[in-house]
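Here is a short tour of a predicted protein model, written to be read with the structure open beside you. Please keep the viewer at hand as you go.

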Amino acid sequence: MIEDLSNELVALRAKAGLSQEELSNILGISRQSYGAFELKKKEMTWRTCFALIMYFEFNPKTQDMLHALDLFPAELNEAKSMDMVTR
């Protein structure tokens, strides 16, 4: 999951219309660390991965692109769909 997300970070960030500095501030990490994730010089932590997924999931500009990456097992997608129905 981390590798798949890492492969699309540049495109997702661009689609969101954010600079590396802006996104790193949202995540609470240094711009250098974020840049290293985009360049695949450093593997992000699960915490950072989850934070990025949540940001891109709730951003209307990137939601469809994130879903197209098919990062989640079918069971998680079904559970999410069921949760949305019960709200």
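The buried residues of α3 are Ser 33, Tyr 34, Gly 35, Ala 36, Phe 37 and Glu 38. Here, buried means under 20% relative accessible area, exposed means over 50%, and partly exposed lies in between (1.4 Å probe, protein chains only). Helices (H or I, at least four residues) and strands (E, at least two) are DSSP runs, numbered from the N terminus. Helix α3 spans residues 31-38, and six of its eight residues are buried, so the helix is largely enclosed by the rest of the structure. What do the buried residues of α3 pack against? They pack against α1 (2-16), α2 (20-27) and α4 (46-57), where contact means heavy atoms within 4.5 Å. Just after α3, Lys 40 has a positive phi of about 60°.

A word on the model itself: it is predicted, so local features need pLDDT of at least 70 and side-chain atom pairs count only at pLDDT 80 or more, while totals for chains, interfaces and linings use all residues. Residues are numbered from 1 along each chain as its sequence is written, and side-chain values use heavy atoms, with hydrogens and water left out.

Arg 31 also belongs to α3, but Arg 31 is partly exposed at 31% relative accessibility. Leaving aside neighbours within four places in sequence, Arg 31 is in contact with Gln 20, Glu 21 and Ser 24. With Gln 20 there is a polar contact between the two side chains, at 2.9 Å; a polar contact is a pair of N or O atoms within 3.5 Å, and within protein one must be able to donate a hydrogen and the other to accept it, with residues adjacent in sequence counting only if both atoms are side-chain atoms. As for Glu 21, its C-alpha atom is 5.3 Å from that of Arg 31, although ten residues separate them along the chain.

## The overall fold

Now let us step back to the whole chain. It has six helices and zero strands, in the order α-α-α-α-α-α along the sequence. Of its 87 residues, 33% are buried. Among contacts with a separation of 6 or more, 58% join residues 24 or more positions apart. The accessible surface comes to about 5,800 Å², and 55% of that belongs to carbon and sulfur atoms; such areas come from the Shrake-Rupley method with a 1.4 Å probe, and for residues only the protein chains shown count as cover.

After α1 comes Gly 17, with a positive phi near 75°.

The largest nonpolar core has 17 residues, and those with the most contacts inside it are Leu 5, Leu 9, Leu 23, Tyr 34, Met 44, Leu 52 and Phe 56. Such a core is a set of buried Ala, Val, Leu, Ile, Met, Phe, Trp, Tyr and Cys residues joined through side-chain atoms within 4.5 Å. At least two core residues come from each of α1, α2, α3 and α4, and α1 gives the most, with five. Not counting residues up to four places away in sequence, Leu 9 touches Tyr 34, Phe 37, Glu 38, Met 44, Leu 52 and Phe 56.

The whole structure holds one aromatic pair. The rings of Tyr 55 and Phe 56 have centres 5.6 Å apart and planes at 75°, so the pair is edge-to-face. Rings of Phe, Tyr and Trp (its six-membered ring) pair if their centres lie within 6.5 Å, with planes under 30 degrees apart counted as stacked, over 60 as edge-to-face and the rest as tilted.

Glu 57 is in α4, and its side chain makes a polar contact with that of His 67 at 2.7 Å. Leu 69 lies in the loop between α5 and α6 (74-86) and touches Glu 8 and Leu 12, not counting residues up to four places away in sequence.

The relative accessibilities of these residues are as follows.

| Residue | Relative accessibility | Class |
|---|---|---|
| Tyr 55 | 23% | partly exposed |
| Phe 56 | 0% | buried |
| Glu 57 | 6% | buried |
| Leu 69 | 22% | partly exposed |
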